[in-house]
There are 2 protein chains.
Amino acid sequence: MAQTSPQYRYGNRPTMKDVAARAGVGLKTVSRVVNGEPGVTPDTERRVQDAITALGFRRNDSARILRKGRTASIGLVLEDLADPFYAPLNRAVEEVARAHGALLINGSSAEDPDRERELALAFCARRVDGLIIIPAGDDHRYLEPEIAAGIATVFVDRPAGRTAADVVLSDSFGGARDGVAHLVAHGHRRIGFIGDQPHIHTATERLRGYRAAMGAAGLPVDESWVSLGPTAPERVRAAAEAMLCGPRPVTALFAGNNRVTVTAVRVIAAAARPVALVGFDDFELADLLSPGVTVVAQDAARLGRTAAERLFRRLDGVVEAPRRVELPTRLIVRGSGELPPAES
Amino acid sequence: MAQTSPQYRYGNRPTMKDVAARAGVGLKTVSRVVNGEPGVTPDTERRVQDAITALGFRRNDSARILRKGRTASIGLVLEDLADPFYAPLNRAVEEVARAHGALLINGSSAEDPDRERELALAFCARRVDGLIIIPAGDDHRYLEPEIAAGIATVFVDRPAGRTAADVVLSDSFGGARDGVAHLVAHGHRRIGFIGDQPHIHTATERLRGYRAAMGAAGLPVDESWVSLGPTAPERVRAAAEAMLCGPRPVTALFAGNNRVTVTAVRVIAAAARPVALVGFDDFELADLLSPGVTVVAQDAARLGRTAAERLFRRLDGVVEAPRRVELPTRLIVRGSGELPPAES
DNA sequence: TAGAGCCTGGACAACGTTGTCAACTCTGGG
DNA sequence: CCCAGAGTTGACAACGTTGTCCAGGCTCTA
């Protein structure tokens with residue numbers, strides 16, 4: 001059949017009514033064809049299909065959602081879409097969503113609790129079926145009406161604040177403890193810790209791991225060896241340099257996350273004497289630096305996948321108490337942690 | 001006022017009607033309060049607000065969208081959310097969207113034209129106001145009804161196929177030409193080119209730049225020095241090793257994108273003799289490898305920002321012919337390109 | 001040939017919101 | 001005391017879809 005010239009009306013799209021009129025059938029018949037429902041003769045179906053292509057019709061999902069209740073979409077609030085640690089997590093969530101036929105809406109909180117809240121609630125207004133949140137704030141009571149109303153919610157990477165909900169975490173404490181123990185095992189006695197801001201759960205957990213390892217080895221911790229704060233390069237650089245040049249200089253550094261590690265590598269590369277380093281989070285090419293950077297690796301993709309699967313299980317109707325899942329970390333030894341201390 | 005216990009009904013959220021009933025006002029008055037419209041006495045407003053918090057009401061944006069026509073959301077189809085090159089682009093688009101009060105829906109095409117199409121059309125069904133697409137396929141006529149119906153569309157990183165639309169690109173040809181010329185200037189005569197799959201526009205453009213630089217220097221190109229294909233490490237590794245060990249081994253490599261560069265760095269690090277390298281796309285820590293990797297850098301964030309700004313300009317009603325914007329690249333010299341050829 | 005049952009198709013209400021418009025209340029002036 | 005005008009408020013339709021339900025035509029059987 002020759003396709004007649006499409007009759008688009010700008011900003012005024014054809015609806016099922018238009019298609020029905022053109023095909024000379026009823027409204028519901030068009031709906032049936034569009035949704036592949038049974039009960040339409042092949043001939044009628046073809047007439048409808050022709051009308052659809054001729055008019056350039058596309059179903060309006062807003063109306064559909066309004067009618068059906070479910071939106072087949074989930075929202076993801078993370079810290080920074082562009083962070084190399086969160087990007088794979090994002091992708092993993094997307095894959096799981098796709099496998100369940102859902103779309104993904106996402107946004108970066110930039111560590112701002114207000115922005116996190118704003119994003120999460122905007123997603124709720126869109127009536128996403130579920131939410132995955134990497135918390136920036138530490139009070140998530142604002143989500144209670146939403147959760148009660150049926151929006152499944154899973155927190156990742158950091159626990160929710162003041163709210164019972166599913167959480168998927170990495171073992172920050174254990175990972176940091178093992179990483180620091182590795183440095184201790186190689187003879188280091190004065191080890192610095194540079195981490196993220198103290199209100200971030202993973203930052204304090206890792207610091208706790210650091211203290212645990214030091215304590216277990218009977219090593220005192222000079223408070224000038226500990227620095228928490230923003231991961232901006234300038235801040236980290238200043239902190240590292242202070243530790244390396246202070247009155248009681250450290251011989252090794254433990255970096256609290258991937259952003260810190262990257263800056264630490266730069267500082268150490270420029271340092272007068274070799275400094276051992278272990279970083280939390282693996283990163284691309286870590287093995288090609290010299291020495292290769294020893295890291296405590298967490299599996300960001302698995303974190304995302306686990307959270308998303310948990311979310312969809314809830315959406316599928318599984319009812320159980322909120323659970324806390326903790327994924328193990330893995331120490332990847334590459335050399336930078338094995339440097340002997342410059343002095344005993 | 002004491003807050004009465006919330007009366008959430010699971011899966012059956014309160015609507016404006018419920019709020020109106022509880023506050024003892026009309027439906028429209030609730031709407032006015034929710035949207036901050038004028039013409040409501042402070043007393044009435046407070047009654048409504050109380051009812052809202054008591055019921056845990058949140059406006060249903062699906063219904064709102066249906067009624068208003070505009071969705072205040074845009075869709076972004078990219079190749080891979082987790083790719084370190086696209087992640088900043090993604091973030092930049094998000095920032096611009098946010099500045100315009102729009103949400104971002106996104107998805108990865110994984111270089112699959114069908115998946116690109118599926119995602120883009122799903123976004124259209126959601127009635128996004130605009131689309132930003134990093135094309136995987138080379139035929140975008142499927143979008144014509146959508147564009148005609150008013151969905152603004154901008155293509156980024158690669159041009160649209162068979163459709164007139166705004167495009168924002170990096171200067172792949174010029175960048176590759178300059179990068180290769182840099183190698184030539186350092187005495188290299190036999191230079192390999194490893195790029196992405198031939199159906200990808202940027203891949204062929206960069207190859208064209210390579211050929212142009214070689215031609216301009218009067219250097220013949222042995223076809224065994226050119227390899228296009230998937231950027232999977234195995235494929236790139238095999239290609240690089242073949243070029244380094246072949247009958248006419250190359251003394252330098254030009255890597256067609258960030259994925260290729262990373263693998264090339266690994267191969268070269270393990271090679272018997274030094275091999276010069278220039279890569280397209282900058283990457284983190286490129287300066288800390290030894291030697292530092294010389295790259296042709298494109299500004300992914302700027303690419304995304306430019307595209308998004310263009311999109312919103314169209315959404316603001318600016319009418320003009322589709323335009324092609326080409327952003328310059330920048331050669332960042334770090335050392336790996338300056339290695340002399342092993343032999344003349 | 002009548003009756004039962006199936007298949008196809010369509011009329012209509014409902015989802016939750018916003019725009020239109022009319023009605024109402026209150027103030028102040030004549 | 002009435003009226004104009006301003007300021008509030010609410011009734012109602014509409015947005016585009018889907019679920020429910022019924023009508024009409026057909027086939028099949030007795």
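Student: In this predicted model, which residues of α9(B) are buried?

Tutor: Helix α9 of chain B covers residues 201-216. Its 16 residues reach 22 Å from the first C-alpha to the last, close to the 22 Å expected at 1.5 Å a residue. Buried means under 20% relative accessible area. The residues of α9(B) that are buried are Thr202(B), Ala203(B), Glu205(B), Arg206(B), Leu207(B), Gly209(B), Tyr210(B), Ala213(B) and Met214(B).

Student: Which elements do the buried residues of α9(B) pack against?

Tutor: The partners belong to chain B. Just after the helix, Gly218(B) takes a positive phi of about 70°. The buried residues of α9(B) pack against α8 (172-185), β6, β7 (226-228) and β9 (276-280).

Student: Is the pair of Phe193(B) and Phe254(B) stacked or tilted, and what is the angle between the planes?

Tutor: Phe193(B) is buried, with a relative accessible area of 0%, and Phe254(B) is buried at 1%. The ring centres are 5.9 Å apart, and a pair counts as stacked if its planes are under 30 degrees apart. The pair of Phe193(B) and Phe254(B) is therefore stacked, with an angle between the planes of 15°.

Student: How far apart in sequence are the parts tied together by Phe193(B) and Phe254(B)?

Tutor: Phe193(B) lies in strand β6 (residues 191-195) of chain B. Phe254(B) lies in strand β8 (residues 252-255) of chain B, so the pair ties together parts whose separation in sequence is 61 residues.

Student: Where does the salt bridge of Glu284(A) and Arg259(B) place its two ends?

Tutor: The two side chains meet at 3.1 Å, N to O. Glu284(A) is partly exposed, with a relative accessible area of 38%, and Arg259(B) is partly exposed at 23%. The pair crosses between chains, from the loop between β9 (276-280) and β10 (294-297) of chain A to helix α11 (residues 258-269) of chain B.

Student: Which residues are linked with Arg91(B) in a network of salt bridges?

Tutor: Arg91(B) meets Glu95(B) in a salt bridge at 2.8 Å, N to O. Being 4 residues apart in helix α5 (residues 86-99) of chain B, Glu95(B) and Arg91(B) are separated by about one helical turn. Arg91(B) counts as buried at 16% relative accessibility, whereas Glu95(B) is partly exposed at 29%. The residues linked with Arg91(B) in the network are Asp80(A), Arg115(A), Glu94(B) and Glu95(B).

Note on methods: Residues are numbered from 1 along each chain as its sequence is written. Chains are lettered from A and ligands numbered from 1 in the order in which they are written. This is a predicted model: local features need pLDDT of at least 70, side-chain atom pairs count only at pLDDT 80 or more; totals for chains, interfaces and linings use all residues. Side-chain values use heavy atoms; hydrogens and water are left out. Rings of Phe, Tyr and Trp (its six-membered ring) pair if their centres lie within 6.5 Å; planes under 30 degrees apart count as stacked, over 60 as edge-to-face and the rest as tilted. Buried means under 20% relative accessible area, exposed over 50%, partly exposed in between (1.4 Å probe, protein chains only). The expected span of a helix is 1.5 Å times one less than its number of residues. Contact means heavy atoms within 4.5 Å. A salt bridge is a side-chain nitrogen of Lys or Arg within 4 Å of a carboxyl oxygen of Asp or Glu.
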